[in-house]
Amino acid sequence: MKTYIVGLLIAMALLISGCLSGNKNESSSDAKDAHEHLHDHDNSHSHDHDHDHDHDHSSDGTHSHSTSDGHVHSTGTGHDHDHSSGDTDEIHFTRQQAEVVGLEVEQVAPAPFSYVIKTSGQIQAAQGDEVIIVATSNGIVSFTNPSLTDGGAVKTGQSIVTISARNLLEGDPSTRAKIEFETAEKEFQRAELLVKDQIISTKEFEQARLRYETAKTAYNAQASNMTANGVKVTSPINGYMKNRMVAQGEYVSVGQPIATVSQNRRLLLRAELSEKHYKTVKNITSANFKPAYDNQVYKLSDLNGRLLSFGRSADGQSFFIPVTFEFDNVGDILPGAFTEIFLLANPQNDVISVPASSLTEEQGLYFVYLQLDEEHYKKQEVTPGQSDGERVQILSGLASGDKVVAKGVYQVKLAAISSAMPEGHTHNH
């Protein structure tokens, strides 16, 4: 029995030892297999790796390693690196610059625009608004105010010149008129007494009275204007000296023009219209004009202007039809000046137009500048149509809602030239 128990214990001990040895070998085998699998994976990855690598070195020290299988390996830290081409059409113009130059923008919107006939003509004084001052006696002219020149203000009753014949052979006519009047007056008074006593006939008395009335009229005509220096000639209206027709010290005769005084209140605009536009004449309603001495465009609609008449036939000496307007002279408009005229006929609806100041011209092409936002602009090519002197019709290149630079165009153009750079890459950090 004792022997049986000992044998059983030995058998159990051997069995336990065998189990432990088997677990150890299995664990060792599993570890070996795992090691071999890992080794195979590393070798496969190493041998299959594409050696055609792309390296990207950024300016901030970041090293970027790209493989052909799409993996990107990056080392270091830094800003993104962006290669982008610049927009050369965009013009940078700051709000401060815009305020300095007084830049103004107009939003494009369709509106009525008149059919325009461009021609030329002249500004003239309206009838009744100017008078010609003439000499009232023979003699030498002496201007009362030598500093009174063309354009000077003149008041009603103001003396313009004095005419004297004191040193002439025929004598001073004013003095002679006074003597003739006094003599005729005495003869008439004497004739009145004689006719009562029937010493002279009624016919003789009437002749004496006629001589007296004639001498009185001549004398009174000059009496109020007689001065120690001669007969003064005055202006009958308020206005401006338009021109002087005689010089200081010149001899004049009775009735000879001395000067022209213009009230300059109403003026005439006379346009010369080509015969080919004759059928359009009846449709003309108003006009704009730009004098040769001024860059400003005047609108008759702002000057209380109206169409007076247009010629029914061409002038025999030219091939033009006269079209005449009348308007108030509320500005510094010079009568007699030649001017560029824009005759306005039938209005057209829904026409896109821009101020004439918006257009720029380069080698036969026309451009405007569009505002993209508060500080960015763009150069835009357009096709212009008719112009009324103030605005220009745009046939193509603009749409309703576009914002066009109306004032300050030259400064924006300079900014575009100064910002123009060759095309290339830009770095955005």
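A: We can start with a pair of side chains: Arg 266 and Asp 328 are joined by a polar contact of 2.5 Å. Keep in mind that this is a predicted model.

Q: What else does the side chain of Arg 266 reach with a polar atom?
A: A polar atom of that side chain lies 3.3 Å from the backbone oxygen of Asn 304. A polar contact here is a pair of N or O atoms within 3.5 Å.

Q: Where is Arg 266 found, and which residues does Arg 266 touch?
A: Arg 266 is found in strand E17, which covers residues 266-274. Leaving out residues up to four places away in sequence, Arg 266 touches Ala 125, Ala 126, Asp 129, Leu 303, Asn 304, Arg 306, Glu 326, Phe 327 and Asp 328.

Q: Is Arg 266 buried or exposed?
A: Buried means under 20% relative accessible area. Arg 266 has a relative accessible area of 14%, so Arg 266 is buried.

Q: Which strand holds Gln 122, and how does its accessibility class read?
A: Gln 122 has its place in strand E7, residues 111-125. Values between under 20% for buried and over 50% for exposed are called partly exposed. Gln 122 counts as partly exposed because its relative accessibility is 24%.

Q: How far apart are Gln 122 and Ala 337, in sequence and in space?
A: Gln 122 and Ala 337 are 215 residues apart in sequence, and their C-alpha atoms are 5.7 Å apart in space. The side chain of Gln 122 also has a polar atom 3.0 Å from the backbone oxygen of Gly 336. Not counting residues up to four places away in sequence, the residues Gln 122 touches include Gly 336, Ala 337, Phe 338 and Thr 339, and Leu 268, Leu 269 and Arg 270 are also among them.

Q: What share of the contacts in the whole chain joins residues 24 or more positions apart?
A: Of the contacts with a separation of 6 or more, 72% are between residues 24 or more positions apart. The protein chain has five helices and 29 strands. Of its 429 residues, 31% count as buried.

Q: Where does Gln 296 lie, and what does Gln 296 touch?
A: Gln 296 lies in the loop between strand E18 (286-291) and strand E19 (298-299). Not counting residues up to four places away in sequence, Gln 296 touches Phe 289, Lys 290 and Pro 291. Its relative accessible area is 43%, and Gln 296 is partly exposed.

Q: What is the value of phi at Asp 350 and at Gln 363?
A: Asp 350 has phi near 55°, a positive value in a residue other than glycine. Gln 363 also has phi near 55°. Asp 350 is in strand E22 (residues 338-351), while Gln 363 lies in the loop between strand E24 (360-362) and strand E25 (365-373). Asp 350 is exposed, at 63% relative accessible area, and Gln 363 counts as exposed at 82%.

Q: How is the second largest pocket lined?
A: A pocket can be read by its volume and its lining. The second largest pocket has a volume of about 270 Å³ and is lined by 13 residues. Nearest its centre lie Gly 151, Asn 264, Ile 333, Leu 334 and Pro 335. Strand E14 (residues 239-244) gives the most to this lining, with three residues. By class, the lining has five nonpolar, five polar and three charged residues.

How values were computed
Residues numbered from 1 in each chain as written. Predicted model: local features only at pLDDT ≥ 70, side-chain atom pairs only at ≥ 80, totals over all residues. Heavy atoms only, no water. 1 Å grid on protein atoms, 1.4 Å probe; cavity = no way out; pocket = protein on both sides within 12 Å on 5 of 7 lines; lining within 4 Å. Points joined across faces, edges and corners; volume = space filled by probe spheres on them. Helix = DSSP H or I, 4+ residues; strand = E, 2+ residues; numbered from the N terminus. Nonpolar A, V, L, I, M, F, W, Y, C, P; charged D, E, K, R; others polar. Buried < 20%, exposed > 50% of the residue type's maximum accessible area, 1.4 Å probe, protein only. Contact = heavy atoms within 4.5 Å. Polar contact = N/O pair within 3.5 Å; in protein donor to acceptor, adjacent residues only side chain to side chain.
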